[in-house]
Structures are given as C-alpha cells and as structure tokens.
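Q: Can we go through the salt bridges in this one? Start with whatever terms you need.
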Amino acid sequence: MTSFADNFWSQDYAGGLGVIFDKLQQGCYENDEVLGLATARAEAEKAYGNNLLEIRRTHASKKEGFARDEGMTVRNAYEGILKEMGEEGKHHVQVSERIQVMVLTPFKKWSDEHKTRVDYSSDFLRNKIKAYEQEGNEVQKIQRKYFNKCRVLDEALQAEENGEEQTEDGAKAAASSPPKLVTSPEPPKPIARVDSVVAEEEKNEPVELAGVVYTQPELQELLVRLLNEVPQHNVKVPIMGTYDHVSTGADVVSWLVKNKTGNELGTAEAIGQDLVQNGFLRLIGQVGNKFLNSSQLNYQWKKIAYIRANMLKDDQKDQAFAPSFVGEYISGTINNYLNNPHPDETNLQRLKREVAEMDAKYKDAVIKYDDARCLLEESIIDHLVFMEKCEKDRLNAVKQVFLDFVAPISNALPAIQATVDKFLIYQETIKPERDLLYLVESYKTGGFSPKVPVYDNYYSTAEGWTFGVDLEFRSRGDGKRIPLIISSILGYMDNQYPIMENDSIRLGIWSQNVPLKKIHELRKLLNNGQPVQPKDLEKFDPAVVAGVLKLYLRELPESIVPSNLYDAVKIIYTSPTAKNKDARVQQIKSLCSSLRISQIAALDALAKHFGRLIEIAQPSEQEKNKLADALGPSILKPMTQTAVTLGDKHPALFFKDLIDFGPSILTEIKRNASGARSRNASRKNSRRMASQAVDASSTAAPENSSEDVPLYQKTTVGISPPSSLNAQSLKVRTPHEPVELKEASVDEDNTDSVAAIETESSSPKQDDNTEGSTPALSETESAPAASNPTDLNTTEENSAPVTV
C-alpha cells in the first residue's frame, strides 16, 4: 500500500508527520521554481521582441540612403527585412503575454492556495498532537495522585489492623498504670501551609484560566503584570491580624477587562475565580472561596503567585505572607467546616472515599486521553488522505504548466520546433503516480501502529478495559482460553456470512478500507472489559465489525505471535527450504509449540474461522493474497518498525500457511500436550502408590509428614481470590509494573510449555487411561480467571498455571 495514510506513522505521531509535511513543503518550493522559470522566459521573450521592434524604428530608410531611390530592388529587400524583423518582434511579445496569461497568473494563484492548504493541515495536526500530549501529561499526573492515595489507604488499613491487635494489651496496661495528673493543654502545633512551598514537580505545570491553558512562561508574564499593576494595600482584620499584598475584587476585574479580556466582564470574573481556585488569591475577612467583582471584598496575593511569577529573592522565600497563626487557624477551621461535605467521617472513611473519587477521576482522564488519541488518529488519516490528493494535483498541475508553457512558443515560433519537441519529451516523462510511489518508498517511517493508553486499575489489571490489554490478562479476566471479543466477533461473522450476497463480499469485508471513525465508534462501545453484546455489533456494518477485530489485534501490546519470533518466522520463508511444504510446516509447528496457551488458542480460532471461509468461498490466489495482506501484520508484528520491516512479506505468508495447515499443526501440538499430560499423571500415580506403601510399613514416620501431601498439591501454582479487600491481600506496585507470572513446576521429565500448562491445569482425579485423547482447545472453553491479577503468588488446587 503506497498511500500517505498507511506509511507515515511513528510512536509519537509527530515524527512521521514531520517527514511527510517536509516533503510537501518541498513541493511548494518546487512550485516557486517553476514560476521563476516561466517568469524568466516571459521577460526574455518580451525584451527580445521589444528590441526587434526598436530596430525597425531606428533603422528605417533615410533620405541619404535607401529612401532616396524609389523602386530599387535593393531598397525593397531592405525594407522587407525591416518589416519581418518587426513582425518577429510582435510574435515574441505575444509569446510573453500568453505565458503570463496561460501560465503565470493561474498557476501562481493555485500555488498560493496549495501552500495555504499544506500550512493549514500542518498547523492543525500540530495543535492536535499538542492537545493529545497535554491529555497524556494530565493522565500521568492524576495516575500518580491516584496511586499515592491507594498507598496511603493501604498504610491506614495496616495501621488499623495493628491497632486492633494491641487494643486488649493496651487496656490492661492502662488499668494497671497510676492515674496521670491533668495538665493544661499544650498549644496546637502550627499546621504546615500547603502554599508556602511549591512542589518541584508542579512548578512548571500549565494552569487553566477561563478555559485557556497557560504555560509557565505565559503564566509568569500574566502574574508579573498583575502583581505590579493591580493596586495593593494592607487590610487589618479583627482577631486575625493584618494582611499584606491585598487587592479588591473590583481592582482585579478592572485590570483584566482593560488589559486581557477586551471588555468582556464575564471572562474577567472567570479568570479571577480560577486564580482563587488555583491558589494564587484567597478571600480574607470572610469564609469561602468565591470571587466577586466587588470593592468590598479583599483578596490576598498568596506566596505561590510570587513564586510562579519568579518575583521572590532567595532571602524572601522563607518569609511569611500570612498573618498570625491564630487567625490562620480560625479561618482554615471555619472554611474547612463550611466547605467540607463530609465533616463527620473518620480518617479511614475519608481515605476510602478519596481513593474511589481519584479512581473515577483517573479512569475518566484515561477515557478522555483515549478519545483524544482516537480523534488525533482520525484527523491524521483525514488530512493525510487530503494531502495525498493535493500532492497528486500539484504534480498534475506542474505537468500541465509545462504543456501550457510550450504551447505559445510552439504556435508562434515554428523555427524552434526542435526545442519544442524536446520540451514535449520532457513533459511526457512526468509520471505523477511513479513520483508518489518514489516519495512513499523513500521516506516512509512506519505503518499504522496505534499507541493505546490502558486504564491500569490499581487492584485488577484487566478491570474495565478491553483494547490494549495483554492477551493473557484479558483471557483470564474473561475466564476463557481467548478473549471474548475475539470469539464473539468470529461467531457473529459466521452468522453474517450466509446472508451476504456472494463470496466476493464475504472475503472483501476483511480487506475493505473502513473509515477509522466508524471503527472507533464500535471500539468505544466494546472497550469496557465486559462480554460483547450482539446488539452492539448489529448496529454496524459487518465490515466495521471486522475492522474492529483487526484494530483489536493491532492494539495488543504484544502480537499473538510475539515480536521476538518475528525474525524466526522470516527465516522460515527466506531459507532455501522455504519452497518445501513439509519442511516449512515442521518449522511452523516447532515455532508454535513455544507459544502460550492463550496465543495457541487465538491462532487456532483464527485458523479454523478463515479456513472454513476459504473452503466455502474458494477464492482466487489474488483474493487469498489480499486477505493475507490485511490480516498477516495484525498477528505478527516486528519489535520496531523500520523501512526494512515495512517491505516484509512473511507475515502474510505465515497467515496463508496458518489457514492452510494451522488446524492440523495446532491439533498435533495439542495431541502431544495431551500425551505428555497422561504420562506425567501416570508417573505421579505410581510414585503416590509407592509412597503410601512405604508409609504403611513404617511406624516411625511423623504424623504430619510432607510425604503425605499429594504431588499435584506441591507442583500446582494458581490464583486464589483474597477473602476481603484489605492491606494484606493487596500487592502495592508502581504504575505499569509488570506482573510476575511464576513458571509452573512439572515432573523431572521435560515437556514443552503447552504440555506443562495442560498437565498442571488438569484435575488430579483424571483417569489414567486417557492417554491419546485430545482435549478440546476452543475459543469458548473456560479458563480459570484471577479475581485479583495483581497477586499471582497464592495457590489454588485447580487453577491453570502459566509458563513464561
């Protein structure tokens, strides 16, 4: 695919867009060069024609020469030459005028409009990326606060449990100790002021005032002018003391209306309220934090305003901006009582409420960030498609300019036909499609690879989110071998195939280009961590449903076939044995044996689904290649996109082999796994019987010997849900900390990873005579799910172990 929308993506979005818009700006400069060439030729033609006309006037027959003798043949020849030179001059002037009318005027107008379109798209996408990055910074900021709140809650829960254990001992000690003398209460210790020191990480954070985001330099400029130009005075308040650096609400609004908002009083009042909310101003003499345009209300400029304005010297940073402690304490206590909607709650209740509020705020921020990403990607695709059309139009315009440039010369000067023929040859050599292909192939930066922000719930990784979650975690969260979104969409498509008109439509929906906006609409409905509802799928065209499945596979943090096997798959299809089907199938089987159970199950579901579709539709080789090109890169992605990997064909070849041979390969893998499971079970049973015989004959064995514990209870590693939500059952981790998955312990006979998985997940009561039976490995088979994926080190008898 050679379109702009498929080849100029990068991890930060700005990298790929920078390359393509740099090339588009180069095209604008090329337009200027074409205009310069045409202008120079027009001026040269005009100057040459005027010189020829001047020769006719200045070299006319004179009385001393040819004008003296009429009828002389020599005179007629001379005057005929002068006349032809004048006519030739007129032709050259006409050529200049036609170049001006046919080339310079229309192409200059079109070139200016083209440059305006390019600049608009560049600025628009740059602003979208800036807004997207700001949303990302906000998510990181809220996530840090959310995780800190969770840690504080964990510590409070731990402290409460420790306190309950010591209650009885403490009561006894209090009863036996002598009574203490009642003394006067100590004066309260000063409360640390939040605004006295600005946290280092918050010094340069942007601030939103009246809906406009101010960066640190912009905020500093505004605060410097406010602090220097708004009148300030001292205000004495009974009991609380004297306040410095005080301005009235009317003075602040008056300055903002005059210097900032352009006579918009409402905007000025909104800025004043945001100054109070962000801690730069505070109301004194009254309770509350409401900002009003009143000369009776006084507001003190707080120390944080001077710090953000960079107006404090080093020796001033420790000086107090507030009145005495008593006034501050009384004012703070009254404000807290009036503004706190939960005045009677305990500290632990407050922490739980704040954790719940921060969790909801964090999830909303992630959703907003994800929406910004989706909108950004939609805008990028729309603008890249439009820019591709504009660039193609530009190349065609240049081609037409060269033709129009040649036309007046060809019509006016037959004598220079050879030069005109060369112009035509050069004009015919311009191939816009080839130039576009060269541009894409030479400067492409990466295919479409969305960078998904994932809602990382503190207590459950797979909670409330579907897209971008690891395949293994999503499978465990759904309680299935594979995520429900894969099995549900494949099942829905199986039901849709019979009602489609023909096989071409059935095959074409998987390779059809669907607007990303439509796919994102369905993605938003499904991105909730819940089972897929058929009614949600029925609202959209089957091509959109197929597109959502492809998008889900592309948004996986690790493709179904891991990226560390990308080069191994490439070797299969580039080695000398690539054309040997049996050798290739054996290599694919060996490679698939190393995959996790969820990956094998996902490949099995896809292979069976598309195998049935191919068997029914009987597509041509071209249609089959088109299907493989559409789905191959979704199941096998490189670790890093480069210009080399963009041209790789082996993901599509691997997908074709998966359709043709995948069911048999995966069935044999599962059969081998089943055989290994049965052999291991037989060995365990033999050792258990031998151990019981030895125990029966021995009278000195301890009553609670570890030998009496069944072997499967020693080797099984599983997941058990905590009995209650407390600090002991939670594992505190930092954002994006990888969850440790312990390797399942098996017998001394080494089997492959799939055999280890199925052996450990099988019931200890399984019949020993089941060797050779093949367990079903389908997308609908339930797998044990972890109720708390953050704690994978507890044991449960029947949970499925995971091989890393």
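A: Helices (H or I, at least four residues) and strands (E, at least two) are DSSP runs, numbered from the N terminus. This is a predicted model, where local features need pLDDT of at least 70, side-chain atom pairs count only at pLDDT 80 or more, and totals for chains, interfaces and linings use all residues. Residues are numbered from 1 along each chain as its sequence is written, and side-chain values use heavy atoms, with hydrogens and water left out.

Q: How many salt bridges does the structure hold?
A: There are 31, a salt bridge being a side-chain nitrogen of Lys or Arg within 4 Å of a carboxyl oxygen of Asp or Glu.

Q: What does glutamate 30 pair with?
A: Glutamate 30 bridges to arginine 394, with the closest N and O atoms 2.9 Å apart. The pair links distant parts of the chain, 364 residues apart: glutamate 30 lies in helix α1 (residues 14-58) and arginine 394 in helix α9 (residues 347-412).

Q: Is arginine 394 buried or exposed?
A: Arginine 394 is buried (under 20% relative accessible area; exposed is over 50%, partly exposed in between, 1.4 Å probe, protein chains only), at 2%. Glutamate 30 is partly exposed at 30%.

Q: Switching topic: which side chain does arginine 506 meet in a salt bridge?
A: That of aspartate 503, at 2.5 Å, N to O. Arginine 506 is buried at 14%, while aspartate 503 is partly exposed at 28%.

Q: Which residues are linked in a network?
A: Salt bridges link Asp370, Arg373, Glu377, Arg523 and Glu555 in a network.
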